[in-house]
Amino acid sequence: EFENLPPGNYQYNARFETSQGKLKSETGKILVEAFSLEELDKTGNAAGLKALASKAGGKAYPVTEFDRAVRSLDLTPVTVISHSEHLLWGQLWLLVLFLGAVSIEWLIRKVNQLL
């Protein structure tokens with residue numbers, strides 16, 4: 001974890017060990033830049049969020065109304081039913097399995113003279 005590093009190139013050495021010994025070691029470089037888009041505007045775009053929420057059929061709340069936003073959530077369970085089809089015809093493995101089962105049955109009947 002790195003906090004408040006000044007901009008620049010940094011090198012790291014990492015070792016993963018257990019009580020039995022070293023598992024892996026790794027070295028590399030990290031570039032910390034002076035400018036970040038996330039730090040440009042930390043206030044957010046309230047009008048844009050409200051417009052996006054209204055287009056999506058939802059609501060936008062400011063941070064100061066977090067409790068109201070949580071209370072407005074619909075927490076009723078949702079049941080999802082999923083249907084799917086699996087085609088058996090045209091499957092080579094199914095044909096091989098069927099022919100193998102029929103052949104084994106025929107062989108058992110032949111050995112036990114049940115034919």
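## Strand pairing

Phe-16 has Lys-24 as its bridge partner in E2, where helices (H or I, at least four residues) and strands (E, at least two) are DSSP runs numbered from the N terminus. In this predicted model, local features need pLDDT of at least 70 and side-chain atom pairs count only at pLDDT 80 or more, while totals for chains, interfaces and linings use all residues. Residues are numbered from 1 along each chain as its sequence is written, and side-chain values use heavy atoms, with hydrogens and water left out.

Strand E1 (residues 8–18) and strand E2 (residues 21–32) run antiparallel and are joined by eleven bridges, two strands being paired if DSSP finds at least two bridges between them. A hairpin of two residues connects E1 to E2.

## Salt bridges

The whole structure contains four salt bridges, each defined as a side-chain nitrogen of Lys or Arg within 4 Å of a carboxyl oxygen of Asp or Glu. Among them are Glu-17 with Arg-15, at 2.2 Å from N to O, and Glu-26 with Lys-24, at 3.8 Å from N to O. Another joins Arg-68 to Glu-65, with the closest N and O atoms 2.7 Å apart.

Arg-15 is exposed, with a relative accessible area of 54%, whereas Glu-17 is partly exposed at 48% (buried means under 20% relative accessible area, exposed over 50%, partly exposed in between, with a 1.4 Å probe and protein chains only). Glu-26, at 37%, is partly exposed, and Lys-24, at 48%, is partly exposed.

The 20 residues of H4 should span 28 Å at 1.5 Å a residue, and its end C-alpha atoms are 28 Å apart, which agrees; the expected span is 1.5 Å times one less than the number of residues. Gln-113, which follows H4, has a positive phi near 55°.

Phe-98 is in helix H4 and is exposed, with a relative accessible area of 55%. Together with Leu-92, Leu-95, Val-96, Leu-99 and Val-102, Phe-98 forms a nonpolar surface patch of about 600 Å² of accessible area. Patches are made of residues with over 30% relative accessible area and no salt bridge, nonpolar side chains (Val, Leu, Ile, Met, Phe, Trp, Tyr) being joined within 5 Å and like charges within 9 Å; accessible areas come from the Shrake-Rupley method with a 1.4 Å probe, only the protein chains shown counting as cover for residues.

## Confidence

The chain has a mean pLDDT of 86, and 95% of its residues reach 70 or more, pLDDT being the predictor's confidence in each residue, from 0 to 100. Among the elements, helix H1 (residues 37–40) has the lowest mean pLDDT (68) and helix H4 (residues 92–111) the highest (93).
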